[in-house]
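Visitor: I have a structure open and would like to go through a few of its contacts. Can we start with a term I will need?

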Amino acid sequence: MLKAVRDAVAKVTDPEYPEVTIEQLGILERVFSSGESICIDLVPTRSGCPALEIIRTDVLAAAKDVGATSVSVKFCSDPVWTPDRITEDARRILAREFFVVIRNVDGSSKCPMCENSELENRSDVGSTPCRSVSWCAECRNPIEVIRR
Amino acid sequence: MKTWESLEDFEAFVIDGGIVEPSDEMPDVYRLAVFKFIELHANSEYMGGLTERDWIPKAPGLHRKLTALAKTQDEIGHAHLLYMIAADLGVKTRDEMMEDLLAGTTNFHNVFHYRVHSWGDQVAVAYLVDAAALASQQAVFKNCSYGPYKRILRRVIAEEGFHMRNGEELLLTMASGTDLQRTMMQDSINRWWLPAIQLFGPDSRLDDPLLRWNIKSERNEVLRDRYIQKFVPQLLNAGFQVPDSGLYQDSETGRWCTSDIDWEPLKATMRNGGPDSKRRLSDAKAAWEDASWVRDALDEVVISK
């Protein structure tokens with residue numbers, strides 16, 4: 001049962017990036033048994049993220065779909081989410097499908113369209129608290145950058 | 001950089017599914033049309049964000065306040081992205097677009113020219129209006145010939161899909177509430193049904209250049225009808241009535257048919273002569289002036305960097 005739940009929950013997609021799973025984004029921390037219950041620990045990208053309730057609902061539904069009856073979903077404050085938890089596959093999908101890139105540790109970022117690495121920061125916060133907005137003067141597209 | 005010999009060449013390229021990039025030598029008529037379309041979209045996101053903002057303190061419960069806050073940030077964020085690519089087209093600067101919007105010389109969508117009276121109205125906006133806006137954006141995204149716009153729409157649609165789920169949840173909560181809540185919701189549906197279906201606009205002209213240049217991919221009446229076929233049964237299933245005395249279901253095809261729409265009031269509304277246009281614009285102006293110190297402070301930070 002534990003494995004079935006783990007597999008099902010890992011496939012839950014993010015409400016804002018429908019092609020990317022919560023596992024790929026590093027939101028799924030662990031799935032374990034505690035007595036009769038199955039516990040699912042999730043790591044929020046931002047503690048005030050408005051999508052958390054939807055993610056919780058989707059995770060519960062996925063676990064119940066494969067037959068789990070007693071499930072508890074918890075958002076943990078430890079570990080802390082960082083963009084380093086996003087898998088390579090997810091990075092490719094985010095860049096290709098959504099034109100969203102991840103800020104490197106040194107603060108730099110690269111345009112997913114033309115590879116230009118001289119992006120101009122236009123706003124520290126974009127349409128969500130986890131993204132900033134840059135402008136690529138090479139291909140003249142706005143690029144959203146996942147913040148650290 | 002792509003160039004075209006003539007408007008006919010350009011049209012053949014676009015009809016064939018070609019994507020126009022900002023550095024391409026696009027015909028002026030296309031540049032202007034795509035600019036105006038994006039400016040209208042940007043203005044609407046901005047005005048929509050301000051409406052949503054009004055509900056941050058008033059939404060019932062912390063969770064819904066948080067959602068209102070997030071949706072406000074989404075809408076303003078979308079406007080920000082759209083104003084960037086609109087300004088890049090070189091027709092108007094971003095400041096000029098803001099000045100024109102606040103002066104009432106440019107347009108924003110009809111649905112933001114009405115007053116949101118109650119929480120029921122806010123739910124009707126989230127459920128009916130957000131879904132109509134999403135349907136029309138999806139139709140633009142499908143074949144959109146202007147590259148930067150198509151890319152932004154991809155993200156906008158993903159985020160608006162999230163708003164729509166929120167709208168459905170809010171409506172079902174009202175539907176399963178007390179008699180008082182259901183009555184409040186029905187009143188709100190009565191107020192917002194017509195503005196929502198009018199969002200798609202009157203039937204498209206046969207020679208609509210927006211369709212020919214793949215800025216839009218589907219005719220207004222097609223989108224409107226698809227919306228009606230989806231939302232009439234949804235509202236009825238949730239126990240509400242559709243405020244249209246002429247509504248009937250064709251017994252042969254099963255399709256829902258609505259009364260003819262009088263488009264005259266919409267024309268006035270779109271010229272900022274709608275029921276709440278004046279107040280909306282003066283609120284937007286006040287918000288713009290209130291935030292001037294933030295813009296000044298940010299400019300200083302940029303200069304000092």
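Guide: A residue counts as buried when its relative accessible area is under 20%. Keep in mind that this is a predicted model.

Visitor: OK, so is B:Glu218 buried or exposed?

Guide: B:Glu218 has a relative accessibility of 15%, which is under the cut-off, so B:Glu218 is buried.

Visitor: And which residue does B:Glu218 pair with in a salt bridge?

Guide: The partner is B:Arg226, with the closest N and O atoms 2.5 Å apart. B:Arg226 is partly exposed, at a relative accessible area of 45%.

Visitor: How many salt bridges are there over all chains?

Guide: The structure holds 37. One of them joins B:Glu21 and B:Arg151, at 2.5 Å from N to O.

Visitor: Switching topic: what does α6(B) meet in α7(B)?

Guide: From α6(B), the residues B:Leu171, B:Met174 and B:Ala175 meet B:Gln181, B:Arg182, B:Met184, B:Met185 and B:Ile189 of α7(B). By class, that contact has 6 nonpolar, 1 polar and 1 charged residues.

Visitor: At roughly what angle do the axes of the two helices cross?

Guide: The axes of α6 and α7 in chain B cross at roughly 130° and come within 8 Å. The two helices are therefore oblique to each other.

Conventions
Residues are numbered from 1 along each chain as its sequence is written. Chains are lettered from A and ligands numbered from 1 in the order in which they are written. This is a predicted model: local features need pLDDT of at least 70, side-chain atom pairs count only at pLDDT 80 or more; totals for chains, interfaces and linings use all residues. Side-chain values use heavy atoms; hydrogens and water are left out. Axes are lines fitted to C-alpha atoms, for helices over the stretch in contact, and angles run from 0 to 180 degrees between N-to-C directions. Helices (H or I, at least four residues) and strands (E, at least two) are DSSP runs, numbered from the N terminus. Angles under 35 degrees count as roughly parallel, over 145 as roughly antiparallel, 65 to 115 as roughly perpendicular and the rest as oblique. Contact means heavy atoms within 4.5 Å. Ala, Val, Leu, Ile, Met, Phe, Trp, Tyr, Cys and Pro count as nonpolar, Asp, Glu, Lys and Arg as charged, and the others, Gly among them, as polar. A salt bridge is a side-chain nitrogen of Lys or Arg within 4 Å of a carboxyl oxygen of Asp or Glu. Buried means under 20% relative accessible area, exposed over 50%, partly exposed in between (1.4 Å probe, protein chains only).
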